Amino acid sequence: MALKQYGLIKAIKTPDISNADLILILKNTENETIKQLAAEKLLKSDIYNIYEADLKLILKSTENETIKQLATEKLQYLKSHPRLGWAGSLARANRLGSFHSESTKD
């Protein structure tokens with residue numbers, strides 16, 4: 001168990017770990033220390049790389065009040081800037097797709 005925990009902690013601390021990996025770790029561990037490390041790393045990522053669902057998972061998964069406060073602040077920021085949220089991502093993708101199809105008609 002200690003080796004598994006050490007391996008997860010080491011993985012979380014690597015600079016190139018993806019947000020998807022951090023979400024998996026957060027969802028599948030019972031260890032509060034590992035949850036806290038994964039949540040902290042996620043919250044430090046660029047606001048454009050974290051989704052509302054990820055922030056809600058962090059709020060549900062951690063007991064740390066500081067992390068909950070940071071997640072709440074980022075969640076409020078995303079909600080107040082709809083262009084950054086999931087719907088905004090879909091709209092940008094659709095818009096880019098329509099530009100691409102317009103430019104390839106000739």
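At its relative accessibility, does Glu-63 count as buried or exposed? Please set the answer among the surrounding helices.

Analyst: Glu-63 counts as exposed, at 57% relative accessibility. The terms rest on relative accessible area: buried is under 20%, exposed is over 50%, and partly exposed lies in between, with a 1.4 Å probe and protein chains only. The model is predicted, so local features need pLDDT of at least 70 and side-chain atom pairs count only at pLDDT 80 or more, while totals for chains, interfaces and linings use all residues. Residues are numbered from 1 along each chain as its sequence is written, and side-chain values use heavy atoms, with hydrogens and water left out.

Glu-63 sits in the loop between helices H4 and H5. Helices are DSSP runs of H or I with at least four residues, strands are runs of E with at least two, and both are numbered from the N terminus. Leaving aside residues up to four places away in sequence, Glu-63 touches Glu-32 and Lys-68; contact means heavy atoms within 4.5 Å. Glu-32 is 31 residues from Glu-63 along the chain, and their C-alpha atoms are 7.8 Å apart.

Two packed helices are described by the angle between their axes and the distance between the axes. Axes are lines fitted to C-alpha atoms, for helices over the stretch in contact, and angles run from 0 to 180 degrees between N-to-C directions. The axes of H2 and H4 cross at roughly 30° and come within 10 Å. H2 and H4 are therefore roughly parallel, since angles under 35 degrees count as roughly parallel, over 145 as roughly antiparallel, 65 to 115 as roughly perpendicular and the rest as oblique. Their crossing is left-handed, that is, the near helix is turned anticlockwise from the far one by less than a right angle, whereas clockwise would be right-handed. Here Ile-23, Leu-26 and Lys-27 of H2 meet Asp-54, Leu-57, Ile-58 and Ser-61 of H4. This contact has four nonpolar, one polar and two charged residues. Nonpolar covers Ala, Val, Leu, Ile, Met, Phe, Trp, Tyr, Cys and Pro, charged covers Asp, Glu, Lys and Arg, and the others, Gly among them, count as polar.

H2 also packs against H3 (residues 32-44), at an angle of about 155° with the axes 9 Å apart. That angle makes H2 roughly antiparallel to H3. Among the residues in this contact are Asn-19 and Leu-22 of H2 and Ile-34 and Ala-38 of H3.

Ser-45 is buried, with a relative accessible area of 14%, whereas Glu-63 is exposed. Residues up to four places away in sequence aside, Ser-45 touches Asn-19, Ile-50 and Lys-74.
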